[in-house]
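Hi there,

Here is the structure I promised to pass on to you. Have a look at it first, and then read my notes below.

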Amino acid sequence: MNLETLLSLEYPLTRLVIGLLCIFAFVGLNGLVLVWVERKVAGHCQLRPGPLHVGPHGLLQPLVDAVKLIGKQLVAPSGSDKILYWAAPLLAFAPATVCFLPLPFDPRLAPIPMNLGLVLILAFSGLGVLSLILAGWGSNNKWGLLGAARSVAQSVAYEVPLLLSVMAVAITAGSLDLYQISAQQGAWPWQWYGVKNPLAFFIFLVCAVAETNRAPFDLPEAESELTAGFHTEYSGMGFGLFFLAEYANMIIVSGVAAALFLGGWQGPFLPGVLWFLVKIYCILFFIIWLRWTYPRVRFDQLLNLSWKWLTPLALIDLALAVIVAGFGG
Amino acid sequence: MSVSQLIEEAYTGLKSLVIGLGVTGKALTQPGVTVLYPMEEVARDNLASFRGHVELVGKDEDPAVPKCVACGACVKACPSDCITILCPIPAKEGEAGGEVKMGPAPQKGSKTPGAVYVDFSLCSLCGQCAKTCPVDSLKFSDNPYMVRFDRKEFRIDLLARLKRLAGEGLE
Ligand code: SF4
Ligand code: SF4
């Protein structure tokens, strides 16, 4: 193998490295932007201005926050399992970046196109649960452990309907490749799977909000009410990585939702990447809007919603999708 | 629970969720209602419901003189012991005029307070004093901007404050 093949974009390893670098930059930048958007939306929902003083309209506020977070001392509680304790935030963040690889930003701008992209995302996002357990267990703290147990129960409960709703679309599309699925939909809303199968879209959105621990399902991180939970003991960038992972996960679920239900990069006039980003940001805005609208649910309500409503509904939806696909094919 | 009931419940639940989104969505587009404090201050008429330290209420015919009849009920009612009301002690027969002595209210023969202090550094804003006053002579002030360097400065001379406010015509 010579240098030329190594530097060519066609060579998978080079592509992977460049893709990962781009993703790190994308995740970091998006984290900053989303923190700002989140605080601005929160402010305006509550009829106050939100961050205002650092930079025009408080635009530099997230940068200053990040500097503060990085400057903080990293402390591990005594009696904690140091390896597990520090592995947890890394483990929360690393799979999130991998999940970006199969996202269909544009037919020509694909980090790694793969025909099992959907499965890869679902599998790696499952790893996040492991990081929660490690964080809770490694902290040597009762609240941390209880919080981790709570988070795991929530993640497991919502993974089921999420998978079922995704499968309904995959069966309709006859593919697990996010590019294929996006390509099958058209540029206009009535050609999107989200409009053709609104029930799956709805279930997916609810589960996505719950899986990313966003309000009204933010029991894993109710700082003042439930002593936060799995990340109680983390300081500085230890906490910062969990934080960044949450935002990265939000972008991933929004990306998957855009690809599966809103036609991915397809849209009139604008280039594909822009359409994809616009769709992602619309969903992100919606998720943030939800957070500042609804109060947190109780834990039994949370589990009931998943097991008694979403799972059966998703099963029905999947059965219908299978029947329709059977007749169609 | 029957299936129709379940569906009805889910329907009303979903409807309320959409209404909730509408409420915050509308708020998103409206201008804020807060002020940027050090640069701007809240308009006075917006402070009517603010519970600042207690202050005296002036008489209708003479706002510089408090309604207070120096009964001392508020002093007794205050759980934090922050109100001080002093009354002039009438000079006894045969005593020289000289300086007027002050004693804690109530004093025989004195129907007006000689001095009223409230120590805001002790006050818990419970409102017991205002509730107890038989002539409604105490109320919460609308004074949110209180910054001092010494806690002794939070001992506020209410009579002087009332005179000042009446002089400024603010009541
Ligand atoms: S509000 Fe309560 S604590 Fe304050 S002066 Fe009145 S009685 Fe005392
Ligand atoms: S209770 Fe009212 S009238 Fe009596 S001393 Fe206090 S302020 Fe004056």
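A salt bridge here is a side-chain nitrogen of Lys or Arg within 4 Å of a carboxyl oxygen of Asp or Glu. Please bear in mind that this is a predicted model, in which local features need pLDDT of at least 70 and side-chain atom pairs count only at pLDDT 80 or more, while totals for chains, interfaces and linings use all residues. Residues are numbered from 1 along each chain as its sequence is written, chains are lettered from A and ligands numbered from 1 in the order in which they are written, and side-chain values use heavy atoms, with hydrogens and water left out.

Let me start with chain B. Arg161(B) forms a salt bridge with Glu55(B), with 2.6 Å between the closest N and O atoms. This pair links distant parts of the chain, 106 residues apart: Arg161(B) is in helix H4 (residues 158-167) and Glu55(B) in strand E1. Helices (H or I, at least four residues) and strands (E, at least two) are DSSP runs, numbered from the N terminus. Glu55(B) also meets Lys139(B) in a salt bridge (3.5 Å, N to O). Lys139(B) lies in strand E5 (residues 138-140), 84 residues from Glu55(B).

How covered are these side chains? Buried means under 20% relative accessible area, exposed over 50%, and partly exposed in between (1.4 Å probe, protein chains only). Glu55(B) is buried at 5%, and Arg161(B) is buried at 9%, whereas Lys139(B) is partly exposed at 28%.

Glu38(A) and Arg291(A) meet in a salt bridge (3.4 Å, N to O). The two are 253 residues apart, Glu38(A) in helix H2 (residues 12-45) and Arg291(A) in helix H12 (residues 272-291). Glu38(A) is buried at 4% relative accessibility, while Arg291(A) is partly exposed at 28%. Both belong to a network of salt bridges that also includes Arg214(A) and Glu246(A). Over all chains, the count comes to 7 salt bridges.

Finally, the ligand. The residues around ligand 1 (those with a heavy atom within 4 Å of it) include Cys78(B), Cys82(B), Cys123(B), Cys126(B) and Cys129(B). This shell divides into 8 nonpolar, 4 polar and no charged residues, where Ala, Val, Leu, Ile, Met, Phe, Trp, Tyr, Cys and Pro count as nonpolar, Asp, Glu, Lys and Arg as charged, and the others, Gly among them, as polar.

Enjoy exploring!

Best wishes
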